[in-house]
Amino acid sequence: MSYIVDILLIAVGAALINNFVLYYFVGICPFIGVSRKVDMAFGMGCAVTFVISIAAFLSWTITTYILKPGAPLSKWMAGLFVAPEVAASIDLTILCYIVYIFAISSSVQFVEMYVRKFFPPLYKSFGVFLPLITTNCAILFACLTIMSNVAGVDNPADAWDLGRSLTLAVFGGIGFTIAIVIMAGIREEMELCDIPKPLEGAAITFVVAGILALAFMGFTGVDSGLKKALTPETSETVQVQVIQTKLGVADSG
């Protein structure tokens with residue numbers, strides 16, 4: 001039950017509460033550049049979600065089996081040259097940026113070939129923005145978040161498994177899609193509005209993005225409410241509450 005609750009909290013947090021774009025302000029380049037039309041924004045959101053899912057799978061696998069201290073593959077390879085106790089302490093997380101960028105770029109290349117083969121109109125509409133997914137910092141941010149929850153925990157039992165990592169990636173991509181589609185719908189409507197000249201273009205877009213970020217702040221606290229509703233109270237908690245109630249009655253008497 002606790003695992004399902006963790007998955008649900010990660011999903012809600014990544015999609016709404018801690019939205020990559022509107023909370024952490026990562027992935028702003030495609031968010032501004034490809035949010036002129038709803039159909040193009042939705043296609044970009046789907047492409048980012050697909051890429052971020054593949055990159056998360058690759059980053060979790062590489063971090064778990066190669067990069068983190070005591071990873072089995074790096075430990076085995078280092079054990080061929082150094083003492084076992086030294087091999088067990090080797091930490092390769094310093095290479096995470098290089099490794100993750102390679103993983104992201106290869107994922108983007110795969111998506112680009114797939115879209116060009118099966119969806120030529122969508123590929124032409126993306127133009128230069130599809131290769132620019134490689135530089136989308138939201139994807140790198142997701143990979144680094146996964147690494148911090150795999151290799152950066154004090155208790156190995158708290159390390160994220162593949163399910164939690166993929167949940168963060170998929171719902172982070174869904175949150176990106178929600179944000180960019182909402183922005184595209186607003187920008188389509190703004191084309192019919194009389195916008196003051198100094199605010200035309202990127203200026204009014206950033207103003208709207210700030211208002212959207214404020215709106216998404218309304219989801220703050222949803223995760224704690226869900227956790228409280230879905231997590232059953234233990235017998236110890238109930239006993240403490242009973243004791244506190246009795247003490248309160250005794251004090252009032």
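# Legends to the close-up views

**View A. Thr167 is buried, with a relative accessible area of 10%.** Buried means under 20% relative accessible area, exposed over 50% and partly exposed in between (1.4 Å probe, protein chains only). The model is predicted, so local features need pLDDT of at least 70 and side-chain atom pairs count only at pLDDT 80 or more, while totals for chains, interfaces and linings use all residues. Residues are numbered from 1 along each chain as its sequence is written, and side-chain values use heavy atoms, with hydrogens and water left out. Thr167 belongs to helix H9. Apart from neighbours within four places in sequence, Thr167 has contacts with Ile7, Ile10, Ala11 and Gly172; a contact means heavy atoms within 4.5 Å.

**View B. The whole protein consists of twelve helices and zero strands.** Helices (H or I, at least four residues) and strands (E, at least two) are DSSP runs, numbered from the N terminus. Read from the N terminus, the order of elements is α-α-α-α-α-α-α-α-α-α-α-α. The protein has 253 residues, and 36% of them count as buried. The accessible surface is about 14300 Å², and carbon and sulfur atoms make up 70% of it. These areas come from the Shrake-Rupley method with a 1.4 Å probe; for residues, only the protein chains shown count as cover.

**View C. Asp6, Asp161 and Arg164 form a network of salt bridges.** A salt bridge is a side-chain nitrogen of Lys or Arg within 4 Å of a carboxyl oxygen of Asp or Glu. The whole structure holds three salt bridges. In one of them Arg164 pairs with Asp6, with 3.1 Å between the closest N and O atoms. This pair connects distant parts of the chain: Arg164 is in helix H9 (residues 162-190) and Asp6 is in helix H1 (residues 2-17), 158 residues apart. Arg164 also meets Asp161 in a salt bridge, at 3.5 Å from N to O. How accessible is each member of the network? Arg164 counts as buried at 16% relative accessibility. Asp6 is partly exposed at 30%, and Asp161 is partly exposed at 25%.

**View D. Glu191 and Lys37 form a salt bridge, with 4.0 Å between their closest N and O atoms.** Are the two partners buried or exposed? Glu191 counts as exposed, with 52% relative accessibility, whereas Lys37 is partly exposed, with 39%.

**View E. Helices H3 and H6 (residues 96-118) pack with their axes 9 Å apart, at an angle of about 145°.** Axes are lines fitted to C-alpha atoms, for helices over the stretch in contact, and angles run from 0 to 180 degrees between N-to-C directions. H3 passes H6 in a right-handed crossing. On the H3 side, the residues in contact are Ala47, Phe50, Val51, Ile54, Ala55, Leu58, Ser59, Ile62, Thr63 and Leu67. On the H6 side, they are Cys96, Val99, Tyr100, Ala103, Ile104, Ser106, Ser107, Val108, Phe110 and Val111. Of the residues in this contact, 16 are nonpolar, four are polar and none is charged. Ala, Val, Leu, Ile, Met, Phe, Trp, Tyr, Cys and Pro count as nonpolar, Asp, Glu, Lys and Arg as charged, and the others, Gly among them, as polar. A crossing is left-handed if the near helix is turned anticlockwise from the far one by less than a right angle, and right-handed if clockwise.

**View F. Asp158 lies in the loop between helix H8 (137-150) and H9.** Asp158 counts as partly exposed, at 49% relative accessibility. Leaving out residues up to four places away in sequence, Asp158 touches Asn149 and Val153.

**View G. Phe25 has a positive phi of about 55° although it is not a glycine.** Phe25 is found in the loop between H1 and H2.

**View H. Ala202 is placed in helix H10.** Ala202 is partly exposed, with a relative accessible area of 41%. Along the chain, Ala202 and Gly33 are 169 residues apart, and 9.2 Å separates their C-alpha atoms.
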